[in-house]
Amino acid sequence: MIKGTENIPVGDLIARRVPFIIPKYQRGYAWRKKEEIEDFISDIEILYKLRLKHGQQMKKHFFGGLVSVDRFAANSATGRVFEVVDGQQRLATFLITMSLMEKALNGIAVQAKQVNDVDTESSADAHATQTRKNFLTYEEVDQGKLRERLRLRMSKVDHAYFENLLLTSTKNRPQQGQDSHRKIYDAHLAIEERLFQPIIDTDSLLTPSEKLQHLLTIRTCITDDCHVIFIVSDDRYEAYHLFTTLNDRGRSLGNGDLLRSTTLEMLEGHQVIQDGVEMKWYDILTVKDTDIDKFLHAYFISFAGQHAPRKDLFDYFRKKFFDYQVIPPKLGVTDLEAKSIEERIESMRVLSAIYRKISSGDWPYYSNPSTVDWDRDRLYRLIKILQHTLSIPLLLTIYDQLSEQDFTDVVLMLERFVFRYITIAGAHEGKVSSNSRS
């Protein structure tokens with residue numbers, strides 16, 4: 001049941017609730033630099049300018065809702081954790097900002113020391129320490145030792161990168177293909193450049209003392225002026241439904257993210273399988289949403305033998321491949337069903353990489369191809385020159401079920417047919433698609 005709902009300043013939320021964790025079924029960090037991050041920065045700038053002009057709070061800004069499940073956690077600092085069902089993006093972005101605040105305050109301390117401003121140096125150091133302890137980290141006893149923990153634990157695919165970026169001075173660029181890491185990096189860079197660099201820049205005409213006051217004003221805008229509606233439940237199933245309701249009013253999840261969330265939720269209680277499936281989804285979802293949808297559609301045709309409406313792709317996909325009933329309060333499937341889910345997603349993981357190769361016209365067999373270059377080049381001509389992408393689901397099936405020689409023979413047959421159909425007859429592949437559906 002819902003334990004409480006409160007309109008709470010962000011500072012109180014982060015300082016009083018320890019720790020927040022992102023469950024496995026949640027997607028990775030998804031806010032984009034030119035959309036949500038731009039809006040976030042603009043909102044803080046408006047609050048900051050009002051504070052500078054009037055010297056006191058003039059406006060409270062509502063940053064949406066945050067839904068969490070209050071769970072018991074043995075041997076933890078507080079005996080509980082708050083599992084974030086909705087609000088990951090806002091919460092992560094606020095912690096990114098607080099991390100940059102701490103680093104900016106440390107930077108002011110260094111500048112003050114260089115000009116022998118002892119009072120400002122001491123004050124900046126103290127505020128940096130306070131920011132880190134109250135709004136960024138907490139301490140927990142682990143195996144007899146006191147360890148510093150980040151107040152928000154992201155999902156497995158993001159946590160190590162997120163923690164390293166926020167708690168160290170290194171700013172490693174994400175590896176290619178890690179989309180959520182790139183978004184975290186872009187958010188970190190944009191917030192630093194817009195909110196903090198103009199103040200701490202060594203070419204600024206402000207003194208270290210004045211810079212410190214400006215930074216503290218921004219911190220107050222975040223901790224006091226930014227508010228969220230914080231909803232806490234002790235019932236995960238109830239929280240899921242509330243999340244669904246709130247999400248309908250915001251940016252909808254992509255089909256890949258929805259399938260990821262659904263399958264990971266089904267695997268509650270199957271820790272090892274769930275961890276493995278989480279990483280498989282990470283491999284599948286390393287491309288744009290539009291490319292994910294194209295793959296899912298091709299995969300559905302390949303294994304179901306029929307088209308799925310693009311508008312209802314998630315529903316068709318779930319009913320065809322993941323039609324398992326999870327009856328509350330039991331949030332999980334049987335051992336046999338869990339294994340079936342794992343095998344299906346492994347198939348999707350393997351074939352998602354093959355789909356990308358075929359879509360690029362690249363030969364999908366990795367080692368010791370038994371075909372000659374001329375035959376392998378036929379695939380490129382079929383997909384990229386003749387642009388016959390309708391054949392991709394069939395080619396996925398051939399790859400999955402038959403041999404490389406069978407794949408070669410089918411490509412040869414398709415290339416000849418399509419060349420004659422499109423080039424000689426002057427027809428369009430759309431007619432083939434229409435006839436195949438009739």
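A crossing of two helices is left-handed if the near helix is turned anticlockwise from the far one by less than a right angle, and right-handed if clockwise. In this predicted model, α11 passes α15 in a right-handed crossing. The contact involves Ala298, Tyr299, Ile301, Ser302 and Phe303 on the α11 side, and Ile392, Pro393, Leu396, Thr397 and Asp400 on the α15 side. By class, the residues of this contact are 7 nonpolar, 2 polar and 1 charged.

Two packed helices are described by the angle between their axes and the distance between the axes. Helix α11 covers residues 289-304 and helix α15 residues 392-401; their axes come within 8 Å and cross at roughly 60 degrees. The two helices α11 and α15 are therefore oblique to each other.

In α15, the buried residues are Ile392, Pro393, Leu395, Leu396, Ile398 and Tyr399. Their cover includes α11 as well as α13 (335-359), α14 (373-385) and α16 (404-424).

The table lists values for the whole protein.

| Property | Value |
|---|---|
| Helices and strands in the protein | 17 helices and 8 strands |
| Buried residues, as part of the 438 residues | 50% |
| Contacts joining residues at least 24 apart, among contacts between residues at least 6 apart in sequence | 68% |

How values were computed:
Residues numbered from 1 in each chain as written. Predicted model: local features only at pLDDT ≥ 70, side-chain atom pairs only at ≥ 80, totals over all residues. Heavy atoms only, no water. Helix = DSSP H or I, 4+ residues; strand = E, 2+ residues; numbered from the N terminus. Buried < 20%, exposed > 50% of the residue type's maximum accessible area, 1.4 Å probe, protein only. Contact = heavy atoms within 4.5 Å. Axes fitted to C-alpha atoms, helices over the stretch in contact; angles between N-to-C directions. Parallel < 35°, antiparallel > 145°, perpendicular 65-115°, else oblique. Nonpolar A, V, L, I, M, F, W, Y, C, P; charged D, E, K, R; others polar.
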